[in-house]
Amino acid sequence: MDWSSSKWSLLPVYLCCFFSFIFTASSAFNVSTISFDEGYSHLFGEGNLVRSPDGRNARLILNRASGAGFISSRLYNHGFFSAMIKLPSYYTAGICVAFYTSNADVFEKTHDELDFEFLGNVAGKPWRFQTNFYGNGSTHRGREERYRLWFDPSKEYHRYSILWTANNIIFYIDEVPIREVVRTPAMGSDFPSKPMSLYATIWDASSWATSGGRNKVNYKYGPFTAEFKELVLEGCPVDPIEEFPFKDCLNTETQLSAKEYAAILPKSRRSMRRFREHFMYYSYCYDILRYPTPLPECVIVPSEQRRFKNTGRLKFGGSQKSRKHKRDHRSEFAMVTSTSEDPDM
């Protein structure tokens, strides 16, 4: 079974074209890619990291013995971290593929982190994923948002990118911004501020990743492979133990801020709004049970807020049965972009 036999493929062709159109924010970013050996090293999973003969691509494999991961060879004081990634297909429940920055190995109790975490799903249903960030060890204040995708990430490569500057954080998919965090004075040390490494990993997260841990990794469908190519590391490499580690980074910071991905233009902002209104299914900013007072970086958007309960989960159901009598494109759009409950929280 593949996606051609899933409910997703039953949507009218024009809807797929519609999604592709509204989420095409701009042409591809002008970035310089590097080979694996130029910027990365093996992290874990003996034999489960496989490089292409030319050293430009890497595969991470999860099997019964182990997952796998790689890490950037340097830590960076801000930067743009990006890769074209293709995820495993078919039954991917319990699998976590992560593309993220962190400094937990250097600052164990005060670490910073920026995450893309792909959370798998049962056969025939689209992958789910979340973004998250921590600053200065603020792990008790989770800042996760969860989403679905408008495409099948196992069919072809898509670019996933993290921009991190002194003033903002932007998560991108295929040059479409999906989340922006703007630094505010009230955030204090909760905004990531220390040098971080870039990581890519695949591992067994059966205890939590899919449906709150109800759906586990099933190794009869393995091994599971995540593929990475067109790797990008743009930023200022630093030694975090230097007394003044950032003194040589001013020029790099200026160059980074001048890049096309450093600011969200109006057209891209409209695409981000559409994505969040239709594909975000959990946001901590609307979870007033966890945070009666929203955290300081939260920007409450009425068009988003209307969709959510006090738990930050979606309010309105997407039952196909209840909408059976509606045949126009608007009702079909609602069926695919909403859900009756969030099974992962």
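## Aromatic pairs, cores and a buried threonine

Tyr90 is partly exposed, with a relative accessible area of 25%; here buried means under 20% relative accessible area, exposed over 50%, and partly exposed in between (1.4 Å probe, protein chains only). The model is a predicted one, in which local features need pLDDT of at least 70 and side-chain atom pairs count only at pLDDT 80 or more, while totals for chains, interfaces and linings use all residues. Residues are numbered from 1 along each chain as its sequence is written, and side-chain values use heavy atoms, with hydrogens and water left out.

A search of the whole structure finds 27 aromatic pairs. Rings of Phe, Tyr and Trp (its six-membered ring) pair if their centres lie within 6.5 Å; planes under 30 degrees apart count as stacked, over 60 as edge-to-face and the rest as tilted. Two of these pairs are set out in the table.

| Pair | Centre to centre | Angle between planes | Class |
|---|---|---|---|
| Phe80 and Tyr261 | 3.7 Å | 10° | stacked |
| Tyr90 and Tyr221 | 5.1 Å | 80° | edge-to-face |

Phe80 belongs to strand β5 (residues 75–86), and Tyr261 to the loop between α3 (250–257) and α4 (266–279), 181 residues apart. Helices (H or I, at least four residues) and strands (E, at least two) are DSSP runs, numbered from the N terminus. Phe80 is buried at 1% relative accessibility, and Tyr261 is buried at 0%. Tyr221, by contrast, counts as partly exposed at 30%.

The largest nonpolar core has 62 residues, and Phe70, Val97 and Phe116 are among those with the most contacts inside it. Such a core is a set of buried Ala, Val, Leu, Ile, Met, Phe, Trp, Tyr and Cys residues joined through side-chain atoms within 4.5 Å. Strand β15 (residues 280–287) gives the largest share of this core, six residues. Another core lies apart from it, with twelve residues that include Phe29, Phe80, Val232 and Leu256.

Thr165 is found in the loop between β10 (158–164) and β11 (168–173). At 4% relative accessibility, Thr165 is buried. Not counting residues up to four places away in sequence, Thr165 touches His78, Phe191, Glu253 and Leu256, where contact means heavy atoms within 4.5 Å. In space, Thr165 and Gly235 are 9.4 Å apart, C-alpha to C-alpha, although 70 residues separate them in sequence.
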